[in-house]
Each structure stands twice: as C-alpha cells, then as structure tokens.
Amino acid sequence: QGMGAALTTAQSCVSEASSGSVGRYTNDFELVVRASKELEDVLEKRFGSPDGKDQGLHDKISAARSPDGEPLPDALVRKMRFVVTVRNKVVHERDFNSLPDRAGFVEACDSIFAELDRLAPAGEGPSGAGACAVM
C-alpha cells in the first residue's frame, strides 16, 4: 500500500502541475490560496527566494532573481504583488469573501506563471528543482 500511495501522489503531482490555468479551481478561496502557494514554491525553487516561513511572500518576491542574477522585471513584480495583496485580503479581511474580478485574477496568475516559466523553465534555477507542488 505504501508504494501504491506514493505512486498515486506522484501521478497527482504531475497531473496538477500540467493541468494549466489556476482558473480550474472553482472556489475563490481555494483559487487565491493555491495560486499563492504555487507562486511561493516557484520563487523558492527556481528564483532563489529564501524558503521556509521566516519571510513573507512580498519579501520572497523582492529576493527573487532571474537565472542571470538580475531582479525580476518590474511589471512581473507588480502582478505578483497584486496576487499577494488579494491573498492577504482573502485571508485577513472579514468582509472580503469573493474576488471582485475573478477573470482578471486568473489572467494575472496565468500571465505570471507563463512569464516565470519563460525566465526559468521547470528544472532550472538555483535548486535545479522543478515547479511541481502537491496541491
């Protein structure tokens, strides 16, 4: 059973990572939290952001570097900060219970991940790790 469960988990990881847009999540809370978790994972594994819980996602965005050592492009950083701000509102503001512009949020996330993939494809970056995150 242990080996079978591990295989199922690995297959699920591959399936999730390759299934495309974050828009596949139907619940706004799940969409926002999963997109934020995936962003954090990609920044840590491919862009040299510090891992662990000692720094917030805004700090990880500031610390991220492209494979050539340069800071990430300003437009990309602004989009990522937008995602983090929305995540913070969903988690911390009692009356913020749904995305006012779900399509715009999904579009921002999709463009962020596409740009990050262009800058450092999975398997590249400081850790040499891919972008697969178990969701």
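How are H2 and H5 oriented relative to each other, roughly parallel or roughly antiparallel? The axes of the two helices cross at roughly 15 degrees and come within 11 Å, and H2 and H5 are therefore roughly parallel to each other. Angles under 35 degrees count as roughly parallel, over 145 as roughly antiparallel, 65 to 115 as roughly perpendicular and the rest as oblique.

## Basis of the description

The structure is a predicted model, in which local features need pLDDT of at least 70 and side-chain atom pairs count only at pLDDT 80 or more, while totals for chains, interfaces and linings use all residues. Residues are numbered from 1 along each chain as its sequence is written, and side-chain values use heavy atoms, with hydrogens and water left out.

## Overall architecture

The protein has five helices and zero strands, and its pattern along the sequence is α-α-α-α-α. Helices (H or I, at least four residues) and strands (E, at least two) are DSSP runs, numbered from the N terminus.

Of the 135 residues of the protein, 33% count as buried. Buried means under 20% relative accessible area, exposed over 50%, and partly exposed in between, with a 1.4 Å probe and protein chains only. Among contacts with a separation of 6 or more, 65% involve residues 24 or more positions apart; contact means heavy atoms within 4.5 Å.

Two packed helices are described by the angle between their axes and the distance between the axes. Axes are lines fitted to C-alpha atoms, for helices over the stretch in contact, and angles run from 0 to 180 degrees between N-to-C directions.

H2 passes H5 in a left-handed crossing. A crossing is left-handed if the near helix is turned anticlockwise from the far one by less than a right angle, and right-handed if clockwise. Ala, Val, Leu, Ile, Met, Phe, Trp, Tyr, Cys and Pro count as nonpolar, Asp, Glu, Lys and Arg as charged, and the others, Gly among them, as polar.

Helix H2 (residues 28–46) and helix H4 (residues 74–92) have axes 10 Å apart and pack at an angle of about 135 degrees. That angle makes H2 oblique to H4, and their crossing is left-handed. Phe-29, Val-32, Ser-36, Leu-39 and Leu-43 of H2 make the contact with Met-80, Val-83, Val-86, Arg-87 and Val-90 of H4. The contact of H2 with H4 has eight nonpolar, one polar and one charged residues by class.

The axes of H4 and H5 cross at roughly 135 degrees and come within 10 Å, which makes H4 oblique to H5. The crossing of H4 and H5 is left-handed. In H4, Leu-76, Lys-79, Met-80, Phe-82, Val-83 and Val-86 meet Phe-105, Ala-108, Cys-109, Ser-111, Ile-112, Glu-115, Leu-116 and Leu-119 in H5. The contact of H4 with H5 has 11 nonpolar, one polar and two charged residues.

## The nonpolar core

In soluble globular proteins, nonpolar side chains tend to be buried together. A nonpolar core is a set of buried Ala, Val, Leu, Ile, Met, Phe, Trp, Tyr and Cys residues joined through side-chain atoms within 4.5 Å. In this model, the largest nonpolar core has 30 residues, of which Leu-39, Leu-43, Phe-47, Leu-72, Met-80, Phe-105 and Leu-116 touch the most other members. The elements that give two or more residues to this core are H2, helix H3 (57–63), H4 and helix H5 (102–119).

Not counting residues up to four places away in sequence, Leu-116 touches Leu-39, Val-42, Arg-46, Phe-47, Leu-72, Leu-76 and Met-80.

## Individual positions

Ala-64 lies in the loop between H3 and H4 and counts as buried, at 0% relative accessibility. Leaving aside neighbours within four places in sequence, Ala-64 is in contact with Leu-43, Phe-47, Ser-49, Pro-71 and Leu-72. Val-90, in helix H4, counts as buried at 8% relative accessibility. Val-90 touches Phe-29, Val-32 and Phe-96, not counting residues up to four places away in sequence.

Gly-20 is located in the loop between helix H1 (2–17) and H2 and is exposed, with a relative accessible area of 53%. The C-alpha atoms of Gly-20 and Phe-113 are separated by 9.8 Å, although the two residues are 93 residues apart along the chain.
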